[in-house]
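Q: I have a structure open and I'd like to talk it through slowly. Could you help me read it?

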Amino acid sequence: MPDTVAARRIASRGLVLIAVGLLALAGIYLLALRFTPVERFQGLPQKIFYVHVPAAWCALLAFSLVGIASGLYLWLRDPRLDRFAESTASVGLMFSIIMLTTGPLWGRPVWGAWWEWDARLTFTLILFFLFLGYRALRGALVDPEERARLSAVVGILGLVLVPFVHLTVYLFRTVHPQPIVLKPSEPSLPWEMLRTLLASLTAFTVLLIGFVMTRYGLGNGENMGKEENWGKGGEHGG
């Protein structure tokens with residue numbers, strides 16, 4: 001019972017963060033549309049930048065957290081780490097769908113094509129399908145220990161891919177621009193654009209945390225009990 005109460009408390013706090021993040025986004029997109037200058041070469045379509053980049057950041061951050069939690073699970077065998085990885089993977093997929101949707105909407109007027117099979121886009125799509133496979137694997141396996149162990153392996157593979165996605169613009173010839181914020185020198189954006197981007201990144205990150213907390217906290221009480229028994233059984237078995 002205490003664990004169920006704690007889970008509900010986590011979910012409630014997550015819902016509060018989601019509400020705060022959504023309210024912040026409303027203000028940020030007013031800022032982006034009304035008070036942020038239009039990019040000289042790309043025009044109005046560049047405004048999608050303030051959705052696409054934060055969504056990509058949250059997707060890659062989520063998949064990184066899945067990999068870290070998965071590695072810790074294989075070390076500690078704590079079922080809570082597996083539940084956290086599962087919750088974060090689901091949220092990461094949601095943000096990656098936003099990323100893969102807004103990218104073509106931005107690319108069509110700028111590149112003249114909905115999709116280009118360059119290195120970054122291709123490896124991002126591979127990462128997305130990897131985590132779709134992660135979800136399918138979890139749905140296909142019944143034994144919780146086997147499911148957690150095999151899912152952790154896939155999560156770690158995703159963590160390996162994440163930095164490679166970021167480095168593709170340096171390693172390959174690509175239509176994607178090189179980083180304009182996360183780079184050794186100072187950001188290339190004018191302050192008005194950088195301010196809006198950082199605000200959007202903050203709001204999206206709050207949403208990420210809120211969704212993960214809500215997803216994690218709404219874990220079924222019966223499943224939590226099973227996981228506790230499984231964890232204790234693993235200790236006794238050892």
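This is a predicted model: local features need pLDDT of at least 70, side-chain atom pairs count only at pLDDT 80 or more; totals for chains, interfaces and linings use all residues.

Q: Let's do helix pairs. At what angle do H2 and H6 pack?
A: Helix H2, residues 49-76, and helix H6, residues 191-217, pack at an angle of about 40°, and their axes are 9 Å apart. The two helices are therefore oblique to each other, and H2 passes H6 in a right-handed crossing.

Q: Which residues in H2 and H6 meet there?
A: On the H2 side they include Phe49, Tyr50, Trp57 and Leu61, and on the H6 side they include Met193, Leu197, Phe204 and Leu208. Sorted by class, the residues of this contact are 15 nonpolar, three polar and no charged.

Q: H6 also packs with H3, so what's the angle there?
A: H3 and H6 pack at an angle of about 135°, with 9 Å between their axes, and that makes H3 oblique to H6. The crossing of H3 and H6 is right-handed.

Q: Which residues in H3 and H6 meet?
A: Among them are Arg80, Arg83, Phe84 and Phe95 from H3, which meet a set in H6 that includes Phe204, Leu208, Phe211 and Arg215. The contact of H3 with H6 divides into ten nonpolar, three polar and three charged residues.

Q: What about H4 and H5, how do they pack?
A: Helix H4, residues 119-140, and helix H5, residues 144-171, pack at an angle of about 170°, again with a figure of 9 Å between the axes. H4 and H5 are therefore roughly antiparallel to each other, since an angle over 145 degrees counts as roughly antiparallel. Their contact has 16 nonpolar, six polar and three charged residues.

Q: Staying with H4, which of its residues are buried?
A: The buried residues of H4 include Leu121, Leu125, Phe128 and Phe131, and also Arg120 and Arg138. What covers the buried residues of H4 includes H2, H3 and H5.

Q: How far apart are the end C-alpha atoms of H4, and what span should its residues have?
A: The 22 residues of H4 should span 32 Å at 1.5 Å a residue, and the end C-alpha atoms are 31 Å apart, which agrees. For H3, the 33 residues should span 48 Å, and the end C-alpha atoms are 46 Å apart, which agrees as well.

Q: Now single residues. Where is Ala55, and is it buried or exposed?
A: Ala55 lies in helix H2, and at 0% relative accessibility Ala55 counts as buried. Leaving aside neighbours within four places in sequence, Ala55 is in contact with Phe95, Ile98, Met99 and Phe204. Ala55 and Phe95 are 40 residues apart in sequence, and their C-alpha atoms are 5.3 Å apart in space.

Q: What does Ser70 touch?
A: Ser70 is also placed in helix H2, and at 2% relative accessibility Ser70 counts as buried. Beyond residues up to four places away in sequence, Ser70 touches Ala85, Ser151, Ala152, Gly155 and Ile156.

Q: One last topic: what is the phi of Arg77?
A: The phi of Arg77 is near 55°, a positive value in a residue other than glycine. Most residues other than glycine have a negative phi. Arg77 is found in the loop between H2 and H3, and at 38% relative accessibility Arg77 counts as partly exposed.

Q: Which residue follows H3, and what's its phi?
A: H3 is followed by Gly112, whose phi is positive and near 85°.

Technical notes. Residues are numbered from 1 along each chain as its sequence is written. Side-chain values use heavy atoms; hydrogens and water are left out. Axes are lines fitted to C-alpha atoms, for helices over the stretch in contact, and angles run from 0 to 180 degrees between N-to-C directions. Helices (H or I, at least four residues) and strands (E, at least two) are DSSP runs, numbered from the N terminus. Angles under 35 degrees count as roughly parallel, over 145 as roughly antiparallel, 65 to 115 as roughly perpendicular and the rest as oblique. A crossing is left-handed if the near helix is turned anticlockwise from the far one by less than a right angle, and right-handed if clockwise. Contact means heavy atoms within 4.5 Å. Ala, Val, Leu, Ile, Met, Phe, Trp, Tyr, Cys and Pro count as nonpolar, Asp, Glu, Lys and Arg as charged, and the others, Gly among them, as polar. Buried means under 20% relative accessible area, exposed over 50%, partly exposed in between (1.4 Å probe, protein chains only). The expected span of a helix is 1.5 Å times one less than its number of residues.
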